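Open the model in your viewer and keep the selection tool at hand.

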Amino acid sequence: MASFSAKRAVVSAAKKCSLTELLLNYGFYLAILGIIASFAIQDENFLTPGNLFNVVTQAGYLIVVSIGVMLTILTTGIDLSVGAVLAMSAVLGASVMQRTQSIPLGILVMLLVGALCGLINGLVTVKLSFPPFIATLAMMNLSRGISLALTRGESIGGLPAGYRTIGWGKMAGVPITFVISLLLFFVGWFLLRCTNYGRRLYAVGGSRSAAQVMGISVAGTIVLAYVMSGLLAGVGGVLMSARLSAARSIMADNLQMDAIAAVVIGGTSLDGGKGSILGTLIGALLIAIIRNGLNLLGVEYYYQIVLTGTIILAAAAIDSVKRVREG
């Protein structure tokens with residue numbers, strides 16, 4: 001009898017554990033899918049081809065920026081400056097484009113400005129031992145301030161007519177912005193899965209001391225992650241300014257929150273060393289869909305920010321519980 005009771009207890013514990021694991025792994029996604037389903041029920045335009053086209057178009061720059069943020073989080077860091085860097089890159093590149101009417105030159109400026117900001121973030125974090133939160137917060141304010149000073153709050157227009165094609169054009173029926181984001185996704189996937197740098201990035205995030213023992217340049221690995229994050233913010237500046245046919249100092253406000261939400265929804269651990277770029281892609285698409293649904297329902301922007309913060313908090317809490325259970 002005692003043996004039978006013990007077996008029942010073991011089976012019951014196993015079932016409980018299994019249910020808990022299912023909730024931890026899939027409950028959050030089911031909740032988000034429930035929110036998305038409610039959008040489809042409340043607004044008949046939500047699932048129309050035109051609206052879905054807008055979603056994937058708008059998701060392009062979020063996907064790109066989220067990949068960069070993911071790289072910094074893998075190192076146990078974070079990049080809060082991506083939205084402001086995107087805006088400053090777009091403002092400076094659009095200014096050059098407006099004066100020269102050269103699309104390649106304007107795009108090059110945006111990419112270089114983004115990479116330079118990322119380099120500064122990385123060097124300040126590594127060489128001056130600033131916490132990534134502080135270093136990138138400072139860059140966020142610096143970049144946003146420079147953008148405001150340069151534009152005086154006005155938009156920079158007068159861009160070449162062909163530039164708009166990047167933001168509104170299609171390739172085989174798919175928005176060009178989404179095509180670009182998918183290409184960069186595959187580049188990121190290859191970088192993380194098939195290169196020595198990708199392996200070094202996970203090693204540094206897993207244990208910096210162990211990575212040093214293995215002969216890995218921890219400082220170089222971290223700095224390069226921030227450079228790529230800044231560079232991808234510059235790409236985001238290209239996509240967004242092409243979509244708007246202008247550059248504004250206030251563009252991409254709070255984009256860093258959406259990017260962080262996309263990364264943590266995608267399963268990247270805030271403790272670093274663990275994460276999937278495919279998860280980040282899915283997370284970015286889910287955030288874009290939620291934003292679109294809220295806009296269709298006329299939900300005020302500040303409530304959207306509250307929801308984004310709640311999503312980040314919930315995803316971080318689930319990540320923390322998982323890490324505790326894994327020991």
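How much space lies in the largest cavity? The answer is about 50 Å³.

Before you select anything, note that this is a predicted model, in which local features need pLDDT of at least 70 and side-chain atom pairs count only at pLDDT 80 or more, while totals for chains, interfaces and linings use all residues. Residues are numbered from 1 along each chain as its sequence is written, and side-chain values use heavy atoms, with hydrogens and water left out.

**Stop 1: the cavity**

Select Ile287, Ile290, Arg291, Leu294, Gln304, Leu307, Thr308 and Ile311, which line the largest cavity. A cavity here is a set of points on a 1 Å grid over the protein atoms alone where a 1.4 Å probe fits but cannot get out, and lining residues have an atom within 4 Å of a point. Grid points are joined across faces, edges and corners, and the volume is the space filled by probe spheres set on the points. The count is one cavity of 30 Å³ or more.

Colour the helices next: α12 and α13 each give at least two residues to this lining. Helices are DSSP runs (H or I, at least four residues), numbered from the N terminus. Coloured by class, the lining shows five nonpolar residues, two polar and one charged. In this scheme Ala, Val, Leu, Ile, Met, Phe, Trp, Tyr, Cys and Pro are nonpolar, Asp, Glu, Lys and Arg are charged, and the others, Gly among them, are polar.

**Stop 2**

Arg291 lies in helix α12 and Asp258 in helix α11, so the pair ties together parts that are 33 residues apart in sequence. The term requires a side-chain nitrogen of Lys or Arg within 4 Å of a carboxyl oxygen of Asp or Glu. Side chains of opposite charge can pair when their charged atoms come close. A search of the whole structure finds one salt bridge.

Are Arg291 and Asp258 buried or exposed? Both are buried; that means under 20% relative accessible area, with exposed over 50% and partly exposed in between (1.4 Å probe, protein chains only).

**Stop 3: the largest pocket**

The largest pocket holds about 660 Å³ of space. Of its 24 lining residues, these five are the closest to its centre: Tyr61, Met240, Ala252, Asp258 and Tyr301. The elements that give two or more residues to the lining are α2 (49–74), α10 (218–244), α11 (255–265), α12 (277–296) and α13 (301–326). A pocket, unlike a cavity, is an open set of points with protein on both sides within 12 Å along at least five of seven lines. By class, the pocket lining has 13 nonpolar, six polar and five charged residues.

**Stop 4: two positive phi angles**

Stay on Ala252, in the loop between α10 and α11. Its phi is near 65°, a positive value in a residue other than glycine. Ala252 counts as buried, at 10% relative accessibility.

Now go to Gln101, in the loop between α3 (82–100) and α4 (103–127). Gln101 also has a positive phi, near 60°, but counts as partly exposed at 43% relative accessibility.

**Stop 5: helix α4**

Select Leu116, Leu119, Ile120 and Leu123, which make a nonpolar surface patch of about 310 Å². Patches take residues with over 30% relative accessible area and no salt bridge; like charges are joined within 9 Å and nonpolar side chains (Val, Leu, Ile, Met, Phe, Trp, Tyr) within 5 Å. Areas come from the Shrake-Rupley method with a 1.4 Å probe, and for residues only the protein chains shown count as cover. Ile120 lies in helix α4 and is partly exposed, at 37%.

Cys117 is also in helix α4, but is buried at 5% relative accessibility. From its C-alpha atom to that of Ala149 is 17 Å, across 32 residues of chain.

**Stop 6: more distances**

Pro131 is in the loop between α4 and α5 (132–151). Draw a C-alpha line from Pro131 to Thr151: the two are 20 residues apart in sequence and 31 Å apart in space.

Last, select Val306 in helix α13, which is exposed at 51% relative accessible area.
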